[in-house]
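Subject: Structure for you to look at

Hello,

Here is the structure I said I would pass on. Please open it and keep it beside this email as you read.

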Amino acid sequence: MRVPLIAGNWKMHKTVGEAVDFINQLKPEVADVKNAEILICPTFTALYAVGQAIKDSKIEMGAQDVFWNTKGAYTGEISPLMLTDVGCTYVIIGHSETRGRFGVVEEGMTPALQAYFGGTDESVNKKLHAAIAAGLKPIVCVGETLAERNAGKADEIIQSQVKNGLAGITQEQAASMVIAYEPVWAIGTGETCDTPEAERVCGMIRKTMATLFGESAAQSMRVQYGGSVKPANAKELLSQPNIDGALVGGAALKVPDFAAIVKSA
Ligand code: PEP
């Protein structure tokens, strides 16, 4: 039985005060939730304060990215050890806003999705190994752009992101992985991948995991859907057999919306 993981990715939103207020309002809303794991991923600057605020609750905390070395001359980077030190249990790796798609600009893409931050499957893989070594649970994001989908290449792109991003991990590590299927064209745009297609792709990701790491690992690992999840569409998406949770951006910024999504799991 896979417990759905409902994760809020706050991106570059909320000051420390706003972040702590959110947690204090969310706590009573989700105190009775039993059938979902609840995760908030604040900005780096709010991690310590959120880590303190969640202490007497079932809310967990993750970071939005990580670097692969433990320490050194890496200006602006954050190490896995620094994340566990402030109370992170999860980390998002390879979000499309951090993956390199230089020069890819499509109608409807938010500026961040034009992605000038340079992530690749290779850097995703390095981050993944470093995160696992530090005891963090990784959420690896995969997904195709609209051009890739229109060219009929969505499945091929996603399969290669899974294969290359997860290269070198053990069957045991694969069994506790979380992969978030986030079609790039559905992130922050209000566009949702329709439910049968989201379920089909999440099932395809599980099959790819079975080929790479065996059926048992594929049945244990979780596949989230992400891309304009909101209270109105969460229940339908989360009731699909291969969708084990949601990675939520915009709707995770408001307590009532995020709480409603958690409760629909
Ligand atoms: C995301 O940030 O991963 C995301 C899916 O954003 P949104 O829910 O706003 O589309």
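Arg200 and Asp155 form a salt bridge through their side chains, with N and O 2.9 Å apart. Arg200 is partly exposed, because its relative accessibility is 37%. Asp155 is partly exposed as well, at a relative accessible area of 24%. Please bear in mind that this is a predicted model.

Arg200 has another partner in Glu197, and here too the closest N and O atoms are 2.9 Å apart. This second pair stays within helix α8, where Glu197 and Arg200 are three residues apart, about one turn of the helix. Glu197 has a relative accessible area of 17%, so it counts as buried.

Glu29 is partly exposed, because its relative accessibility is 37%. Lys263 is also partly exposed, with a value of 46%. As background, side chains of opposite charge can pair when their charged atoms come close.

Glu199 is found in helix α8, which covers residues 195–213. Is Glu199 buried or exposed, and how far away is the nearest side chain of opposite charge? Glu199 is buried and has no salt bridge; that nearest side chain belongs to Arg206, 7.1 Å away. A salt bridge needs the nitrogen and the carboxyl oxygen within 4 Å. Once neighbours within four places in sequence are set aside, the contacts of Glu199 are Gln240, Pro241, Asn242 and Ile243.

The Glu144 side chain makes a polar contact of 3.0 Å with the side chain of Tyr181. A polar contact of 3.0 Å also links the side chains of Glu144 and Trp185. Beyond neighbours within four places in sequence, Glu144 is in contact with several residues, among them Arg149, Ala154, Ile158, Glu182, Pro183 and Val184.

Glu182 also turns up at the ligand. There are 14 residues around the ligand, and those that come nearest are Lys11, Glu182, Gly188, Ser228 and Gly250. An N or O atom in the side chain of Glu182 is 2.7 Å from an oxygen atom of the ligand. For the side chain of Lys11, the corresponding distance to a ligand oxygen is 2.8 Å. Ser228 uses its backbone: a polar atom there is 2.8 Å from an oxygen atom of the ligand. How much of the ligand does the protein bury? Taken alone the ligand exposes 290 Å², and 96% of that is buried by the protein.

Pro4 lies in the segment before β1 (5–9). Why does Pro4 count as buried? The reason is its relative accessibility of 15%, since buried means under 20%. Pro4 and Leu238 are 234 residues apart in sequence, yet their C-alpha atoms are 8.1 Å apart in space. Not counting residues up to four places away in sequence, Pro4 touches Asn35, Ala36, Glu37, Arg222, Asp244, Gly245 and Ala265.

Gly87 is in the loop between α3 (80–85) and β4 (90–93). Gly87 is partly exposed, because its relative accessible area is 33%. From Gly87 to Tyr181 there are 94 residues in sequence and 26 Å in space, C-alpha to C-alpha.

Regards

Key: Residues numbered from 1 in each chain as written. Predicted model: local features only at pLDDT ≥ 70, side-chain atom pairs only at ≥ 80, totals over all residues. Heavy atoms only, no water. Helix = DSSP H or I, 4+ residues; strand = E, 2+ residues; numbered from the N terminus. Buried < 20%, exposed > 50% of the residue type's maximum accessible area, 1.4 Å probe, protein only. Lys, Arg positive; Asp, Glu negative; His and termini not counted. Contact = heavy atoms within 4.5 Å. Near = heavy atom within 4 Å. Polar contact = N/O pair within 3.5 Å; in protein donor to acceptor, adjacent residues only side chain to side chain. Areas by Shrake-Rupley, 256 points an atom, 1.4 Å probe, with all protein chains shown as cover.
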